[in-house]
Amino acid sequence: MLNRIILIGRLTQDPELRYTPSGTPVAHFTLAVDRPRLNQMGERETDFINIVVWQKLGELCAQYLRKGRLAAVEGRLQIRSYENREGQRVRVAEVVADNVRFLDRAGDREGGPSAPPVSGSGWPEETRTRGTGMDDPFEGDATRIDISEDDLPF
């Protein structure tokens with residue numbers, strides 16, 4: 001069985017960072033992802049997908065991502081349900097991220113602190129595994145392609 005989701009989109013608002021009662025950080029944000037085809041009216045539709053990011057990665061997202069920033073999210077789809085204040089059962093679909101890549105620089109858009117240096121793997125340098133031989137094996141092999149916002153379909 002397989003449950004993998006890969007999304008690229010823009011944040012609709014700044015991430016919200018909270019902590020569980022045991023102190024584990026968890027960040028929430030919504031990613032706006034354009035659909036690849038136009039609808040019958042010739043307009044592009046957008047899906048708004050809830051993202052949940054746990055632990056250190058959640059803290060990094062809350063620190064460096066801001067509304068409008070372009071990000072790639074990889075994770076799994078989770079469907080959960082709860083009872084709301086009116087006593088009705090509500091089902092929620094969200095992506096639990098285990099990899100988030102910051103695809104544009106903070107200086108490219110307004111607001112927020114600048115992101116830390118990013119390795120070839122897309123992770124900030126301080127989050128990479130060090131001294132274990134597990135650094136990104138493709139680092140330095142990739143050709144950098146600069147894409148402007150005008151090249152993006154959304």
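Trainee: Where does Arg66 lie, and what makes us say that it has no salt bridge?
Mentor: In this predicted model, Arg66 is found in the loop between α1 and β5 (70-83). The nearest side chain of opposite charge is that of Asp14, 4.3 Å away, and because a salt bridge needs a side-chain nitrogen within 4 Å of a carboxyl oxygen, Arg66 is left without one, although Arg66 is buried.

Trainee: What, then, lies 2.9 Å from a polar atom of the side chain of Arg66?
Mentor: That is the backbone oxygen of Ala62, and Ala62 itself is among the buried residues of α1, together with Leu57, Gly58, Leu60, Cys61 and Tyr64.

Trainee: Against which strands do the buried residues of α1 pack?
Mentor: They pack against β2, β3, β4 and β6. The protein has one helix and six strands, and along the sequence these follow the pattern β-β-β-β-α-β-β.

Trainee: How do you know that Arg10 and Asp104 form a salt bridge?
Mentor: The N to O distance between their side chains is 3.5 Å, and because the cut-off for a salt bridge is 4 Å, the pair qualifies. Arg10 lies in strand β1 (residues 5-11) and Asp104 in the segment after β6 (89-102), so the pair ties together parts that are 94 residues apart in sequence. Both Arg10 and Asp104 are buried.

Trainee: Which residue forms a salt bridge with Arg35, and why does the pair count?
Mentor: The partner is Asp47, with the closest N and O atoms 2.8 Å apart, and the pair counts because a salt bridge asks for a separation within 4 Å. Asp47 belongs to strand β4 (residues 44-54) and Arg35 to strand β3, so this pair links parts that are 12 residues apart in sequence.

Trainee: Why are Asp47 and Arg35 called neither buried nor exposed?
Mentor: Asp47 has 29% relative accessibility and Arg35 has 36%; because buried means under 20% and exposed over 50%, Asp47 counts as partly exposed, and Arg35 likewise counts as partly exposed.

Trainee: With which residue does Arg69 form a salt bridge, and what makes Arg69 buried or exposed?
Mentor: Arg69 forms a salt bridge with Asp104, the closest N and O atoms being 2.7 Å apart. Arg69 lies in the loop between α1 and β5 and Asp104 in the segment after β6, so the pair ties together parts that are 35 residues apart in sequence. The relative accessible area of Arg69 is 2%, while Asp104 stands at 11%; because the limit for buried is under 20%, Arg69 is buried and Asp104 counts as buried too.

Trainee: How many salt bridges does a search of the whole structure find?
Mentor: There are eight, and salt bridges that share partners also join Arg4, Glu74 and Asp98 into one network.

Trainee: What does Thr24 contact, leaving aside its neighbours within four places in sequence?
Mentor: Thr24 is in contact with Arg18, Tyr19, Trp54 and Gln55. Thr24 and Trp54 are 30 residues apart in sequence, yet their C-alpha atoms are 7.5 Å apart in space.

Trainee: What makes Gln55 exposed, and what is the value of its phi?
Mentor: Gln55, which is part of helix α1 (residues 55-64), has 52% relative accessibility, and because exposed means over 50%, Gln55 counts as exposed. Phi of Gln55 is near 60 degrees, a positive value in a residue other than glycine. Most residues other than glycine have a negative phi.

Trainee: How do you know that β2 and β3 pair?
Mentor: Four bridges join these antiparallel strands, and because at least two bridges are needed for pairing, β2 and β3 count as paired. Tyr19 stands opposite Pro25 in β3, and in this hairpin, with five residues between the strands, Gly23 takes a positive phi near 95 degrees.

Conventions
Residues numbered from 1 in each chain as written. Predicted model: local features only at pLDDT ≥ 70, side-chain atom pairs only at ≥ 80, totals over all residues. Heavy atoms only, no water. Contact = heavy atoms within 4.5 Å. Buried < 20%, exposed > 50% of the residue type's maximum accessible area, 1.4 Å probe, protein only. Lys, Arg positive; Asp, Glu negative; His and termini not counted. Polar contact = N/O pair within 3.5 Å; in protein donor to acceptor, adjacent residues only side chain to side chain.
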